[in-house]
Amino acid sequence: MKKNKILVVLRHGEADFNSGGGTDFERELTKNGKNQLLRLKELFVKSEIVVDKILSSSSKRTKQTTELIGSSMDPSIMEFSDEVYEAETSVILDLLSKMNNEHSCVLLVGHNPGVSALVSHIADQGYLSIQPGMMVVIELAVDNWSHLGMGTGIVREVLQ
């Protein structure tokens, strides 16, 4: 019997509007954002969820978020993609649908409004607004990433 997938969605930590030389893509995490993510990492480790793939936006703040949360994970599981930056739900779903089915738990690190729209679409239980540094664990009712879509998951846990 195949095991259902788990999707963990994380919005990047609190970012500084005055960093990055004026471009949104280069904005960095604030000190508070980094501290918040370190606390989140402790909660995530206690949840005993084992991530075997990380798909992250390639912006500076999402890279920093991914590196903080994934600091005790194998760096080879991390993939940074320009496509995740400011992506709409359909783009993120397309990227996730192409995941190797050997991956049972994928961590997506991205931005709003895309991550909130994605979680709301998959859980189909109304809109869930994901705040900076907030993580949502979704248990999927699919055993193949290509079957991911509206109403295919249930929010199991929200960590922040």
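Guide: The protein chain contains four helices and six strands. The model is a predicted one.

Visitor: What makes a stretch of the chain count as a helix or a strand?

Guide: A helix is a DSSP run of at least four residues in state H or I, and a strand is a run of at least two in state E. On that basis the order of elements from the N terminus is β-α-β-α-β-α-β-α-β-β.

Visitor: How do you know that the radius of gyration of the protein chain agrees with that of a compact globule?

Guide: For 160 residues, a compact globule would have a radius of gyration near 15 Å; the protein chain has 15 Å, therefore the two agree. The C-alpha trace spans about 50 × 30 × 30 Å along its principal axes.

Visitor: Why is glutamine 36 called buried?

Guide: The relative accessible area of glutamine 36 is 19%. Buried means under 20%, so glutamine 36 qualifies. This residue lies in helix 1, which covers residues 31–46. Apart from its neighbours within four places in sequence, glutamine 36 is in contact with Glu14, Pro132 and Gly133. Of the 160 residues of the protein chain, 50% count as buried.

Visitor: What makes a set of residues a nonpolar core?

Guide: The members must be buried residues of the types Ala, Val, Leu, Ile, Met, Phe, Trp, Tyr or Cys, joined through side-chain atoms within 4.5 Å. The largest such core has 24 residues, and Leu7, Val9, Leu96, Leu108 and Leu118 have the most contacts inside it. Strand 1 (6–11), helix 3 (89–97), strand 4 (105–110), helix 4 (114–123) and strand 5 (135–140) each supply at least two residues of this core. A second, separate core of 20 residues includes Leu29, Leu37, Phe44 and Ile77.

Visitor: Which residues is leucine 7 in contact with, leaving aside its neighbours within four places in sequence?

Guide: The partners of leucine 7 include Leu96, Leu108, Leu118, Ile138 and Trp145. For the protein chain, residues 24 or more positions apart account for 72% of the contacts with a separation of 6 or more.

Visitor: Which residues of helix 2 are buried, and what do they pack against?

Guide: In helix 2 (residues 60–69), the buried residues are Arg61, Thr62, Gln64, Thr65, Thr66 and Ile69. The buried residues of helix 2 pack against strand 1, helix 1, strand 2 (53–57), strand 3 (78–81), strand 4 and strand 5.

How values were computed. Residues numbered from 1 in each chain as written. Predicted model: local features only at pLDDT ≥ 70, side-chain atom pairs only at ≥ 80, totals over all residues. Heavy atoms only, no water. Rg over C-alpha atoms; globule rule 2.2 N^0.38 Å. Buried < 20%, exposed > 50% of the residue type's maximum accessible area, 1.4 Å probe, protein only. Contact = heavy atoms within 4.5 Å.
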